[in-house]
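Open the model in your viewer and keep the selection panel at hand. The tour below goes from one selection to the next and says what is found at each stop.

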Amino acid sequence: MPFVKPAAQQRSYDVIVVGSGAGGGQTAYTLCMDGAKVLMLEAGRKYTPETETPMFQTPDLAPLGGVGTPGKPFGFYDATVDGGWHVPGEPYVRTTEDHAGRFEWWRARMLGGRTNHWGRISLRDGPYDFKPKSRDGLGFDWPISYEDVAPWYDKVELLIGVYGSSEGLENTPNSPPGCLLPPPKPIVSDYLIAQRAKRLGIPAIPAHRAVLTRPLDHTRNPQLLHPGNVQAQKILAADMRSRAACLWATPCGRGCSIRANYQSTTVHLPPALATGNLDITTDAMVYEVTLGPDGRATGVSFVDRKTGKHEHASARVIVLAASACESARILLNSKSARFHEGLANSSGKVGRYLMDTVGSDVWGQVPLLESLPPLNEDGADGHQLYTPWWLYKEQLAGKLGFARGYHIEIGGGKHMPGFETGSRLEWLTGGNYGAKFKQDVRRYYGSFVYFDGRGEMIPNEQSYCEIDPGGAKDKWGIPVLRFHWGWSEHERRQAAHMQRTFAGLIEAMGGKPHSVETNGAKAIAPGGSIIHEVGGAIMGSDPKVSVTNKWCQTWDVPNLFITDGAVFASNADKNPTLTIMALAWRAADHILERMRRKEL
Amino acid sequence: MDRRTTIKWVLAVSAAWPAIHRGFGQATAAAAAVARQGDSDAQGYGTDPDLVTAHKRGEYWPLTLTSAQRRLAAVLCDLIIPADEHSAGASAAGVVDFIDEWVSAPYPRNREDRPIVLKGLAWLDTEGRRRAGSAFADLAAGAQHAICDEICDARRAAPKQRSAAQFFALYRDLTAAGFYSSAAGRKDLNYIGNVPLASFDGAPPELLKKLNLA
């Protein structure tokens, strides 16, 4: 089975999966490998990384030097097509344009969704992260623990390929031996950063990213992942053999035509399609889950974006993985006599507790890194080291003034020159122009270091989405979301702490920070802009205050599941994608078991 | 997101071409509002351009500078990035086409920059005629430098030349953006990446030793 138009869909499927990114891709993969018949509906177009990825294209081959525009916000060569902060014809509403209360919603209308361009940072949530309320009294505990999810973290790492190391640091889980690939070797700036950070008591350890630093073990991994399922092992082994290891060039955000990093389109969907159990319909904009008289979901309604026709597909089980806010939107738009306020929303919590990551960055210039000899520092797209949160004890003792931590993403090195390389250097070069300016750029090229703080936001009552009460609709006539957003003092203080810490790191390197903003309200990036939005249908142990149970199954509708970030009950500093995949795999295993028992 | 995407986020979300560049007027909050509608790129390359085929300047929107403006643009960008023993100058690296494409583009940021660049170029000619009786491009090198020296540092420029200085800062940035995006710029900086490698060795041990990092 393959890519099908609506008219070629089967009368009914075992499972419909809405969305094809990290959550949808993982769900469909797991289900199909175990024999379930799956229909995947993707709102965007079909996308083929093998032929569409600009691998070695230089910026002079792109319009405007490849810099971002409203049509391609992360740059011309970014993998995202038909997506961005603004999707033509698909508006959304927000209550304010102010920095402090604004929400930015990134969407990717394409097969594979945001996985085509994401940063590939793949961190496990730790034991504290699943029980944050028990630890400090704030937010919500998940109904599951780290130990409950750990086996699926192992599986995801073995399937997609993640480089990194196990360092035994607090709340920073080790992976079992054989799960992780070796990390890439550090570059010059990494050594300097690690040396000076150590003097400040700040660790710098290998980053974890979903990039193949060597080929996956196609003999061992398929057996570990699909014990007793010879057919699945065979399909996966063949697929793993066809993924090449990193060739140490080209930015991962463009996607990867040799399939050396994880994208749903290069890792999840090919083997799922090879089972013959997966149909994919692209350009299918789902807007409603339909409900039968027995209170069970019967299928989904969608608009065929090519024809504008409204279509319906049926299945025994419906899984939403359309991205946290889009899944919430579908539920809120699925109104019936039984569910006046939207499907699976008897708690009133659909759309509630949206969280993003606290983002705040400082960059600076370091004289020790000036005028180094020519070096190829492309590596695996320049992310060798990171700093996990290191102040758990001080924080718990109340010494920091904010309750949750952050990690630091470290950058530096001589990357491909481009639009920004010689721009905005006045703070270093003054008014130089001419031969002197050219010498300046040579001197400073590669001497910049970047510290990106990525921190935990505590869920709050001010941050949520709802169907726009003003009645705004998208071009398909589907009611759109309105976003509300607010940070608490915990996030603002955390952002200010990031700024001070990063400035201190740069100064410890003998460098000069470009600018430091110690007012946390100004230092924090707007909500949504780190593109880690989760929540909106949180899991819990009490149906009155949560939308799903620990299996991502909605409390109200037994055959309706959610396997994207919407179910997150907290948003640890760790980037959410790996956890989305681990939870999706776990939920899909549960669906399979319940289907075998004829309970679904 | 990694740090480079973050930088692009800063540029894209807030249309945050810094205030320093907003000399010859007309910076407004309109950029953000238009971008939010998402249809502002109707005349641009859209949301799904061909990414693998080499692009030719002028392919998506016509270049609009006059031949006189292009001649002046070339002179000025070569004053900013001249040829030297390492690499070509800016105009030989295609920077005039780059700047023409930039100021002709339909996007909010480009529409903001266009009047600054056009008025700045016109100001240079006016200033050349006022001082030495000819357009800027026809001035002797010394006279060209004399004008540039007065406006090359926005922080030190005289109040009446603030707009001209802000134009110069923008123009220097655009010249650098075009030049360091080009093959000449990569050569100038001895960039040796963007080639497939069998292995990645990280920092050379002898260099680490020299820097006391080993």
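Select chain B, where 45% of the 214 residues are buried, a residue being buried if 20 or more other C-beta atoms, placed from the backbone, lie within 10 Å of its own. This is a predicted model, in which local features need pLDDT of at least 70 and side-chain atom pairs count only at pLDDT 80 or more, while totals for chains, interfaces and linings use all residues. Residues are numbered from 1 along each chain as its sequence is written, and chains are lettered from A and ligands numbered from 1 in the order in which they are written.

Now colour chain B by secondary structure, and you will find nine helices and zero strands, where helices are DSSP runs of H or I with at least four residues and strands are runs of E with at least two, numbered from the N terminus.

Next, select chain A, which has 16 helices and 18 strands, and in which 62% of the 600 residues count as buried. Its C-alpha atoms fill a box of roughly 75 × 50 × 45 Å along the principal axes.

Finally, select residues 22-33 and 577-596 of chain A, which are helices α1 and α16, and look at how they pack at an angle of about 35 degrees with their axes 8 Å apart, the axes being lines fitted to C-alpha atoms over the stretch in contact and the angle running from 0 to 180 degrees between N-to-C directions.

Notes: A residue is buried if 20 or more other C-beta atoms lie within 10 Å of its own, exposed if 12 or fewer, and partly exposed in between; C-beta atoms are placed from the backbone.
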